[in-house]
Amino acid sequence: MDIRFEKVNFTYQPNSPFEQRVLHDIDLEIKQGSYTALVGHTGSGKSTLLQHLNALLKPTQGLVQIGDREITPETNNKNLKPIRKKVGIVFQFPESQLFEETVAKDIAFGPKNFGVSEEKALFLAKENLELVGLDESFMERSPFDLSGGQMRRVAIAGVLAMQPEVLVLDEPTAGLDPQGRREMMRMFDHLHKEKGLTIVLVTHLMDDVANFADYVYVLEKGSLVKSGVPEEVFQDVAWLEEKQLGVPTAARFAQKLQERGMPFDKLPLTASALADEILAQGVNTHDE
């Protein structure tokens, strides 16, 4: 299922003294099976944009096409529920939305709300709990007795139990320690590669974009200012620094090596790509 934005504008509280235009003529496409990153400063419009991905918000002007459904300012709100099953959003600190007395009930809540039987909902709960790396022994535990990282996994399992085609992640590793962050990102990569989920990642961590995304959109003050594959977007380090966006660690290290005389056709973005490049240049130098 593809998602397409065509000249999308969004204004909070239009025609009032508090009117605030947040999105400006957004054109973008998220292809089925892709891993797309949205990056930009706080206030750039990322969170507003992601709420258009499953019609939590409708454009003030323009068109959002989600699969075969077209969402315009005139779209009836009553018929949008099926979209929210197809596009699951994991908001920042999703563990704050847990409320049931057991893990099983919390994960099963969403499917049951969409008419799935109790038995099937509990089966989906167990299946998706395992998918996020927690075993069956967690099913009858209270979510509030779990660690922060475990609670987040339970909350994500609840979104996955809806069996979405697209998984939208809003700063999914916020507040986690480095080990927890790595485990969480590996889990999403597994869901993308093994389960075929389309992933949309909203993040300020450029290493995660470099390591996992295959396309990136850069937002600034509600407008798209750059887009492309990470290998293209992250080549212009001066531009990224001017916009006060992060630069992948490997690219920054390669740039310093370049300043000391080591040539790079393109700045490598990942640690493995940087190591391969250094090794290749070392071999070439030795051969000479």
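Me: Where does Leu 269 lie in this structure?

Reply: Leu 269 lies in the loop between α10 (249–259) and α11 (271–287). Those labels come from DSSP runs: helices are H or I over at least four residues, strands are E over at least two, and numbering starts at the N terminus. Keep in mind that this is a predicted model, where local features need pLDDT of at least 70 and side-chain atom pairs count only at pLDDT 80 or more, while totals for chains, interfaces and linings use all residues. Residues are numbered from 1 along each chain as its sequence is written, and side-chain values use heavy atoms, with hydrogens and water left out.

Me: Is Leu 269 buried or exposed?

Reply: The cut-offs go by relative accessible area: under 20% is buried, over 50% is exposed, and anything in between is partly exposed (1.4 Å probe, protein chains only). Leu 269 comes out at 8%, so it counts as buried.

Me: Which residues is Leu 269 in contact with, beyond its neighbours within four places in sequence?

Reply: Contact means heavy atoms within 4.5 Å. Leu 269 has such contacts with Ala 210, Pro 230, Glu 231, Phe 234, Gln 235, Pro 248, Ala 250 and Ala 251, once neighbours within four places are set aside. For a sense of scale, its C-alpha atom is separated by 40 Å from that of Glu 19, a residue 250 places away along the chain.

Me: And what does Pro 268 touch, not counting residues up to four places away?

Reply: Pro 268 is also in the loop between α10 and α11, and it is buried at 8% relative accessibility. Leaving out residues up to four places away, it touches Ala 250, Ala 251, Ala 254, Ala 273 and Leu 274.

Me: On to the sheet. In what order do the six strands come?

Reply: The general idea is that strands of a sheet pair through backbone hydrogen bonds, either parallel or antiparallel. Two strands are called paired if DSSP finds at least two bridges between them. In this structure the six strands form an open sheet in the order β6-β7-β8-β3-β9-β10, with mixed pairing. The edges are β6 (87–90) and β10 (223–228); each has a single partner strand, so one side of each has no neighbour in the sheet. From one strand to the next, the twist averages 15°.

Me: Why is β8 described as largely enclosed?

Reply: Five of the five residues of β8 are buried, so the rest of the structure largely encloses this strand. Thr 198, Val 200 and Val 202 point one way from β8, while Ile 199 and Leu 201 point the other way.

Me: Which helices lie across these strands?

Reply: For angles, axes are lines fitted to C-alpha atoms (for helices, over the stretch in contact), and values run from 0 to 180 degrees between N-to-C directions. Helix α5 (148–160) lies across β6 and β7, at about 165° to β6. Helix α6 (178–195) lies across β3 (35–39), β7 and β8 (198–202), at about 135° to β3.

Me: What lines the largest pocket?

Reply: Rolling a probe the size of a water molecule over the atoms shows where empty space is left. On a 1 Å grid over the protein atoms alone, a cavity is a set of points where a 1.4 Å probe fits but cannot get out; a pocket is an open set with protein on both sides within 12 Å along at least five of seven lines, and lining residues have an atom within 4 Å of a point. The largest pocket has 25 lining residues, with Ile 89, Gln 97, Gly 158, Val 159 and Met 162 nearest its centre. α3 supplies the largest share, five residues.

Me: And why does phi of Asp 25 get a mention?

Reply: Most residues other than glycine have a negative phi. Asp 25, in strand β2 (20–30), has a positive phi of about 50° although it is not a glycine. Ala 55 has a positive phi as well, near 65°. Asp 25 is partly exposed at 43%, whereas Ala 55 is buried at 2%.
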